[in-house]
Amino acid sequence: MTVSTDSAALHARPRDRRRWHLSEQTQTVLLLLPSILALTVFIYVFISFTFWVSLSNWRTLKPDLTLREPLFATYVEMFNMVRWQADLRNTFVFTVFFIAFAVTLGLTLAILLDRHLAGHNVFRNVFLFPYALSFVVTGVVWRWIFNPETGINLLFEVLGINYLLAQAGMEPLKPGWITDPTVVAQVNGILATVLPGADAWQVKWGIPLAMIPVAIAATWQLSGFVMALYIGGMATISDEVREAARIDGASEFQVYRKVIIPMLRPVTISVVVILLHVSLKIFDLVYTMAGVGPGFATDVPAIFVFEQMFKATRYNLGSAAAIIMLVLVALVIVPYLASTLREDT
Amino acid sequence: MFGKSLLFAMTVLLMAALVFTGCAAPVAAPSGGEAAAPAGGEAAAPAGGEKLEVFSWWTSGGEAAALQALFDAYAAQYPDVEIVNATVAGGGGSAARGVLQTRLAGGDVPDTWQVHPGFELIGQYVEPGFVAPVTDLYASEGWNEVVPQALRDMMTVDGEVYQVTVGVHRGNGFWYNKQLLADNGIEIGETLSVDEFIAIADQLQAAGVTPLCVGDSGIWATAQLFENTLLGTIGPEAYDGLWDGSTRFDDPGVKQAMETYGKMLEYQNEDHSALSWDQAVKKLMEGGCAFNSMGDWAYGEFVAAGLTDNEEFGWVSHPGTAGSFMIVADGFPIGNGSANPENAMNWLKVLGSKEAQEAFNPLKGSICARTDCDRAKFGVYHNWSMDSFANDALVPSVVHGSAAPADFQQGFNDAVTVFVVDKNVDAFANALVAAAQSSGFGQ
Amino acid sequence: MTAATLSQPKPRYRRQRRWGTYAVWLVMFLMAIVFLTPVYVMVANGLKDAQSVSLQRMWLPPAQLSTDNGFAGAWVRLSPNMMNSLLMVIPATILSSLIGAVNGYLFAKWKFRGSDIIFTLLLFGFFIPYQSVLLPLVRTLQILGVYGTIPGLILVHVIYGIPITTLIFRNYFAGVPTELMDAARVDGAGLITTFTRVMLPLSIPAFVVVGIFQFTNIWNDFLFGVTVVPNPAAQPVTIALNNLSGTFSVEWNVVMAGAVLAALPTAIIYILLGRFFIRGILAGSVKG
């Protein structure tokens, strides 16, 4: 865009030169200045302060900004904590399941709606509706649904699933959901070959089952959003492309698989990036739905920060965790922003 | 010619004003609350000795009634003073403490506020200088004779006392469903040792009865189960030693307590992590299990359900803790630099009096901090508790903030969270040792 | 369904298409039921009175409708907090939209050296985890004297809303043809006048989109609410709802009804203005 140069050309009119006025570039910068200043302080200065606190000795109600010796001791302490390791494991597991579920479901729903059958607008609104809700509302309801005594387990009874299983001689289906401390697919044994003693680690590196209901609840909330993005993306794919594929003999299914979904790759990338940054930051949903979970099965870094800072008054530890959260998010977002920046210029 | 510049300047100013909205309207009372506040939360009292601002989190049922009883006792003696009831709702003071801390940090000191003795008082209020000593009051009112030494010690720093305690709850209670036990031919005596409990629990389990109800959603109930077991295993002297470093968390006695705790967890209900503490008590009342380890605020649940002391339910000290009384108490200090120090001093005088405590505690469900209260005003359970308070060893609770600083409390809870799942005693002990050292009191 | 496909007369294909249509419809219908189940749970249990609400009967609709149901209790408990939320959301939405509009206009039409970089740095602020600024934020608000107040929350939401509102307006204004601006300039309009006379009237759709987006996000916020306002009496409804479900003896009908009440404003906006809601998502999230 060459707006500035056009404006400059228009500038060179005798009428303007006779008036004293700030150059438009200055005006622009001055008008932007309050926002820029506010955000510089409220984001970049604040982050720097948090980083300083994470290196400091502040661990009681009295602020103490003297630096801790050795400098990164708080970070070392944190990464040695069972709870923090569990948090990292949980975040990773949650992210994988959440993104897999949400992208699959969102894409599927978008494809179903793409058929433009009767009433598809109603369905679209139903699927997108949970996105308008607060994570707190979602957490409260899904906590109930995933209560092991009732909720979905009760549905299994009522629908006769357990009866059928009993007939087949199998155990009834009554998962513990968010109260289940089990970690399946543990790789500690495998890790022990590379890192001796991994067998005896307290943190079991695997898939904490309690995280899956949380991922389901998050999927329910956000798959509509993913669907909307895919619908938007599909709207940009012209009919000619689909026609060409059909003429080449592709069935509807193949049209989607071979043509449309690959063309949606940019949308998929956007979706994954956005979902990633949501899952790395997730707080309200987990906090209201499951808390930290038995044996920290559902604890996430955001809850860790909150409890260390405001319950344990360990401000340096909480800040260190917050900085690590920031680093993780930045690892995802900065390349994304940089690439869009390059596209624009 | 100036028109545009003026317009431009105004726009910049408007932008700046829009962005820094909050600065334009600083509010006088930072945490006073904005919209209609159903439970008070008033702004600080203006200068002048006509008011008394009392800050607490006693908003529900019996607590609110008990607080009112204190207000009535105060008003009877000082009718010209207006009492400002500044309460902040929220379980166990979790919300109130945050509001209070902010006010104190901002220099807006209430006249008096609710506080637990021990580390909560000393670490959060005495050390930063938010409260004034009341040692002279204890001397002039004769409280040194009626308030047990151990409790006074929890409120004393460098020889100065900083709080008046009005009510005391017992933390190491052990409640049981009499009918359920009778059905299985079990009777509980005056005390219960750990071995006796294990034998009974085994018997119950064999009969298909859940021995122990635990509701540990929020983890503190099971952390409390551990601290009571710890007390019961190593005894009060060693337990006290944990908090000054003379007992280490990996001493053999402590590890034995951890083994016992792990054993007790084998007897608990399967849905413990989905229940809150009061749901566990309800489960016991309904016959879902035989025993429940809880402080005597659980007594209120029994009473609310219409049950009678020693008929449907019974109690005993937590296994092994006979002879000890774990203190979970409430009291008030004098704010340093508050608006009405004289009124606050009078408030403490009223609080410490026999009459006020006799009015407050039956409603609250706790017992007097004094040992000379009229026994007739209290029921069977509370008389038993008062005997214990007068004669047994008094110890602080870590789960309720008295025994250790907040960061150790967090580390303690975190270690319990992990132990409940993996039952690894060595790792548990190491975690607690590390937390104690990190917090500054462990060796 | 284009004309080309309609003109294919093969019966087998038509039958397959009919089955396919039914199958798709059935799947959508089932999915819709699954999606609406939590809503049913909330509403049904909210309508029950205290005695009949229990975990065991959560799937059953209320046996009888009484006035002593969860909604009555929830309204009593939560209406002060709903008012807090309203007092916070409306000014914050209006202010952050206005600022975003000006910023977006400038970034889109008045680029200067480095404006893209500055814009990207601004945008990064939308993605950061707010935990990384909580501590200095609390301290700053205390110094400014607005900690624990609704104006303080408004300030927080306005400032942290600047990146996303700027992005949406920037994308919107980038689509406005420059000819309109040039015409205004020919008539002697400066930077600001062009904005007020030309751009602003054109940007009503963008305001609607940004307004809805911000209203929803700010209303649903939890982290800032719980950190900046510790006093339950002044807290927004999301935090009050969480407190309700975390109290010692939980009244589930009140909690479920409370969840419905807390969700109502955004749900209503969504139902009435869903079109713009979707546009907000598309405008803000898919760049370019």
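Modeller: I start with a sheet, then turn to single residues and a helix pair.

This is a predicted model: local features need pLDDT of at least 70, side-chain atom pairs count only at pLDDT 80 or more, and totals for chains, interfaces and linings use all residues. Residues are numbered from 1 along each chain as its sequence is written, chains are lettered from A and ligands numbered from 1 in the order in which they are written, and side-chain values use heavy atoms, without hydrogens and water.

The sheet is in chain B. It is open, has 3 strands in the order β2-β1-β3, and its pairing is parallel. Strands here are DSSP runs of E with at least two residues, helices are runs of H or I with at least four, and both are numbered from the N terminus. Two strands pair if DSSP finds at least two bridges between them. Strands of a sheet pair through backbone hydrogen bonds, either parallel or antiparallel.

Take β1(B), residues 51–56. It pairs with β2(B) in the parallel sense over 6 bridges. One position to look at is B:Lys51, which stands opposite B:Glu82 in β2(B). Towards β3(B), β1(B) has 2 bridges, and these strands also run parallel. There, B:Val54 has B:Thr112 of β3(B) as its bridge partner. The edge strands are β2 (82–87) and β3 (112–113) of chain B, since each pairs on one side only.

Helix α3 (residues 61–77) of chain B packs on this sheet. It touches β1 and β2 of chain B, and its direction makes about 160° with that of β2(B). Touching rests on contact, meaning heavy atoms within 4.5 Å. Angles run from 0 to 180 degrees between N-to-C directions, and axes are lines fitted to C-alpha atoms, for helices over the stretch in contact. Another helix, α15 (residues 341–351) of chain B, lies across β1 and β3 of chain B, and runs at about 60° to β1(B).

How many residues of β1(B) are buried? The count is 5 of the 6, so β1(B) is largely enclosed by the rest of the structure. Buried means under 20% relative accessible area, exposed means over 50%, and partly exposed lies in between (1.4 Å probe, protein chains only).

Now chain B as a whole. It has 19 helices and 15 strands. Of its 443 residues, 57% count as buried. Among its contacts with a separation of 6 or more, 76% are between residues 24 or more positions apart.

B:Val209 is one of the loop residues, between α10 (194–206) and β9 (210–213) of chain B. It counts as buried, at 15% relative accessibility. Leaving aside neighbours within four places in sequence, B:Val209 contacts B:Leu180, B:Asn184 and B:Leu204. Its C-alpha atom is 44 Å from that of B:Gly440, which is 231 residues away along the chain.

Next, the backbone of chain A. Most residues other than glycine have a negative phi, and most peptide bonds are trans. The bond from A:Glu69 to A:Pro70 is cis, with omega near -15°. A:Pro70 sits in the loop between α3 (24–54) and α4 (73–79) of chain A. A:Phe296 is not a glycine, yet has a positive phi of about 60°. Its loop runs between α15 (284–289) and α16 (301–310) of chain A, and A:Phe296 is buried at 2% relative accessibility. A:Thr313 also has a positive phi, about 50°, and is not a glycine. It lies in the loop between α16 and α17 (315–344) of chain A. Its relative accessible area is 10%, and A:Thr313 is buried.

A:Ser270 is in helix α14 (residues 265–281) of chain A and counts as buried at 8% relative accessibility. Its C-alpha atom is 9.7 Å from that of A:Val226, 44 residues away along the chain.

Last, chain C. Helix α3 (residues 70–109) and helix α9 (residues 204–219) of chain C pack at about 140°, with axes 9 Å apart. That makes α3(C) oblique to α9(C). Under 35 degrees would be roughly parallel, over 145 roughly antiparallel, 65 to 115 roughly perpendicular, and the rest is oblique. The contact involves residues including C:Met82, C:Leu86 and C:Val89 of α3(C), and C:Phe207, C:Val210 and C:Trp219 of α9(C). By class, this contact of α3(C) with α9(C) has 13 nonpolar, 6 polar and no charged residues. Nonpolar covers Ala, Val, Leu, Ile, Met, Phe, Trp, Tyr, Cys and Pro; charged covers Asp, Glu, Lys and Arg; the others, Gly among them, are polar.
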